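Thanks for asking me to look this one over with you. Here are my notes, written as numbered points that you can follow with the structure open beside you.

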Amino acid sequence: MSTEMVMVDEIPFPPQITTTKPLSLFGHGITDIEIHFLQIKFTAIGVYLEPQVVGHLQQWKGKPGNVLAEDDDFFEALINAPVEKFVRVVVIKEIKGSQYGVQLESAVRDRLAADDKYEEEEEEALEKVVEFFQSKYFKKDSVITYHFPANSAAAEIAFSSEGKEEAKIKVENANVVEMIKKWYLGGTRGVSATTISCLANGLSAELCK
């Protein structure tokens, strides 16, 4: 494996990270908005997966990345594949943690409500995540990570910023965890189209090997 950093909008991402096992960078991209033709970039995203993930996606073998990027069933299979997943998000534009928390909350809540899964337990779990971000300040180059272990319905979210100790929170509500995954990995409804497209191309190339 190459050890050279992958640059995502001038932000370096390691090509591999090790959690309980080595995970490879399969896709990356950014979140941004356009205001009066001006592109404002908020975060850079890297998606790390166990290389074995391709074994669970064989039925899409031979399909080009641009086709996969539009195929939500493909991303559903990716989300449900029993492999470890890790999403690393690096802040490009400073914002308050509360602003990020509100974005995450509405994205997750809307998805849960659409699937009729938004009950009291989900609301409580989601509130804890929003509270976790509430007090943080997302300076440039701060890092948010989402770790989804292979055979667990829980997830761990961590936040680190220069000069501060890393903060972590565990999310144990399976429905909330699933929707956080869908926020970043959810195909055409994912938060970052560039990440989804890159992920589709990366997985397509691996499937062709």
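1. Let us begin with a term. A salt bridge here is a side-chain nitrogen of Lys or Arg within 4 Å of a carboxyl oxygen of Asp or Glu. Behind it is a simple idea: side chains of opposite charge can pair when their charged atoms come close. Please keep in mind that you are looking at a predicted model. It holds 10 salt bridges, and Glu76, Lys117, Glu178 and Lys182 are linked in a network of them.

2. Glutamate 76 and lysine 182 form a salt bridge, with their closest N and O atoms 3.4 Å apart. Which parts of the chain does this pair tie together? Glutamate 76 belongs to helix α2 (residues 72-80) and lysine 182 to helix α5 (residues 174-185), so the bridge joins parts that are 106 residues apart in sequence.

3. Are the two partners buried or exposed? Glutamate 76 has a relative accessibility of 30%, so it counts as partly exposed. Lysine 182, in contrast, is buried, because its relative accessible area is 13% and the cut-off for buried is under 20%.

4. Glutamate 105 and arginine 109 meet through their side chains in a salt bridge of 3.7 Å, N to O. Both sit in helix α3 (residues 97-114), and because they are 4 residues apart, about one helical turn separates them. Glutamate 105 is buried, at 18% relative accessible area, while arginine 109 is partly exposed, at 30%.

5. Lysine 168 forms a salt bridge with glutamate 166, and the closest N and O atoms are 3.9 Å apart. Lysine 168 is partly exposed at 48% relative accessibility, and glutamate 166 is partly exposed too, with a relative accessible area of 44%.

6. Next, the sheet. Strands of a sheet pair through backbone hydrogen bonds, either parallel or antiparallel. In this model, an open sheet of 7 strands runs in the order β3-β4-β5-β6-β9-β10-β11, and the pairing is antiparallel. At its edges are β3 (16-18) and β11 (167-171), each of which pairs on one side only. From one strand to the next, the twist averages 25 degrees.

7. Strand β5 (residues 38-49) pairs with strand β6 (residues 85-91) in the antiparallel sense over 7 bridges. Valine 47 has valine 87 of β6 as its bridge partner. Helix α6 (residues 193-207) packs on the sheet, where it touches β4 (22-35) and β5, and its direction makes about 150 degrees with that of β4.

8. Helix α6 has a helical neighbour as well. How do α2 and α6 pack? Their axes are 12 Å apart and the angle is about 80 degrees, which means that α2 is roughly perpendicular to α6. On the α2 side the contact is made by Phe74, Phe75 and Leu78, and on the α6 side by Ile196, Leu199, Ala200, Leu203 and Leu207. By class, this contact has 8 nonpolar residues, with no polar and no charged ones.

9. Finally, look at serine 197, which is also in helix α6. Serine 197 is partly exposed, with 32% relative accessible area.

Note on methods:
Residues are numbered from 1 along each chain as its sequence is written. This is a predicted model: local features need pLDDT of at least 70, side-chain atom pairs count only at pLDDT 80 or more; totals for chains, interfaces and linings use all residues. Side-chain values use heavy atoms; hydrogens and water are left out. Two strands pair if DSSP finds at least two bridges between them. Helices (H or I, at least four residues) and strands (E, at least two) are DSSP runs, numbered from the N terminus. Axes are lines fitted to C-alpha atoms, for helices over the stretch in contact, and angles run from 0 to 180 degrees between N-to-C directions. Contact means heavy atoms within 4.5 Å. Buried means under 20% relative accessible area, exposed over 50%, partly exposed in between (1.4 Å probe, protein chains only). Angles under 35 degrees count as roughly parallel, over 145 as roughly antiparallel, 65 to 115 as roughly perpendicular and the rest as oblique. Ala, Val, Leu, Ile, Met, Phe, Trp, Tyr, Cys and Pro count as nonpolar, Asp, Glu, Lys and Arg as charged, and the others, Gly among them, as polar.
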